[in-house]
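Please find below a colleague's note on the model under review.

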Amino acid sequence: MDLWFEAARDTADRCWDGILATLDGVADADLNSRLPVAGSNAPYAIVHHCIEMTRWWLGTFGCGLDLPRDRSGEFEATGTRDDLVVRIAQVRADVDVWATRMLRNGIAGRDARGTRANVDLDTVTPQWVVLHVVHELAQHLGQLQVTRDLLSA
């Protein structure tokens, strides 16, 4: 694999590690709580979205897999920390397979729709997809950290 992909995977792994560490700092009572401002998302929903976003971009779009996604419902999701830990472990394992396949074979699911990204899905490259996933993980890690801090204040 290329050095840039190793760097991208390392950065994604650091984001997932940060997400897990941040979840450890979220009280059980706050996991499904939103901040009292419009547009706020609960910590569970933020992480659920990260998992579903990764599955869609790499599994559905990148590899042509039929993985269901309810994009608009992702930020309404609720659940447990244990559920998220298991799902994060699974998506991390899947990422290695999916990204490798997509980078080797090209994008297999260009007809898939399930994103609000302002991008031409007909022309993005596999490398763009990998970096987009990393960008989104980093962005939502920051959102999760701020949400945790404000919920615990």
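1. Basis of the note. This is a predicted model, in which local features need pLDDT of at least 70 and side-chain atom pairs count only at pLDDT 80 or more, while totals for chains, interfaces and linings use all residues. Residues are numbered from 1 along each chain as its sequence is written, and side-chain values use heavy atoms, with hydrogens and water left out.

2. Helices α1 and α4. Helix α1 covers residues 3–24 and helix α4 residues 126–152; their axes come within 9 Å and cross at roughly 20°. Helices here are DSSP runs (H or I, at least four residues), numbered from the N terminus. Axes are lines fitted to C-alpha atoms over the stretch in contact, and angles run from 0 to 180 degrees between N-to-C directions. α1 and α4 are therefore roughly parallel to each other (angles under 35 degrees count as roughly parallel, over 145 as roughly antiparallel). Their crossing is left-handed, a term used if the near helix is turned anticlockwise from the far one by less than a right angle.

3. The α1–α4 contact. Among the α1 residues that meet α4 are Trp-4, Phe-5, Ala-8, Trp-16 and Ile-19, and the α4 side includes Val-130, Leu-131, Leu-137, Leu-141 and Arg-148. Contact means heavy atoms within 4.5 Å. The residues of this contact of α1 with α4 divide into 14 nonpolar, 5 polar and 1 charged (Ala, Val, Leu, Ile, Met, Phe, Trp, Tyr, Cys and Pro count as nonpolar, Asp, Glu, Lys and Arg as charged, and the others, Gly among them, as polar).

4. Trp-4. This residue of helix α1 is partly exposed, with a relative accessible area of 28% (buried means under 20%, exposed over 50%, partly exposed in between, with a 1.4 Å probe and protein chains only). Not counting residues up to four places away in sequence, Trp-4 touches Leu-103, Gln-127, Val-130 and Leu-131. Its side chain also makes a polar contact of 3.3 Å with the side chain of Asp-2. A polar contact is a pair of N or O atoms within 3.5 Å; within protein, one must be able to donate a hydrogen and the other to accept it, and residues adjacent in sequence count only if both atoms are side-chain atoms.

5. Helices α1 and α2. α1 packs with helix α2 (residues 43–63) at an angle of about 160°, the axes being 11 Å apart. That makes α1 roughly antiparallel to α2. The crossing of α1 and α2 is left-handed. Trp-16, Ile-19 and Leu-23 of α1 make the contact with Val-47, Cys-50, Ile-51 and Thr-54 of α2. The residues of the contact of α1 with α2 divide into 6 nonpolar, 1 polar and no charged.

6. Thr-54. Leaving out residues up to four places away in sequence, Thr-54 touches Trp-16, Gly-59, Val-91, Val-95, Trp-98, Val-133 and Leu-137. Thr-54 and His-132 are 78 residues apart in sequence, and their C-alpha atoms are 9.5 Å apart in space.

7. His-48. Also placed in helix α2, His-48 is buried, with a relative accessible area of 14%. Beyond its neighbours within four places in sequence, His-48 is in contact with Glu-74, Ala-77, Leu-84 and Arg-87. The side chains of His-48 and Arg-87 are joined by a polar contact of 3.0 Å.

Terms used. Helices (H or I, at least four residues) and strands (E, at least two) are DSSP runs, numbered from the N terminus. Angles under 35 degrees count as roughly parallel, over 145 as roughly antiparallel, 65 to 115 as roughly perpendicular and the rest as oblique.
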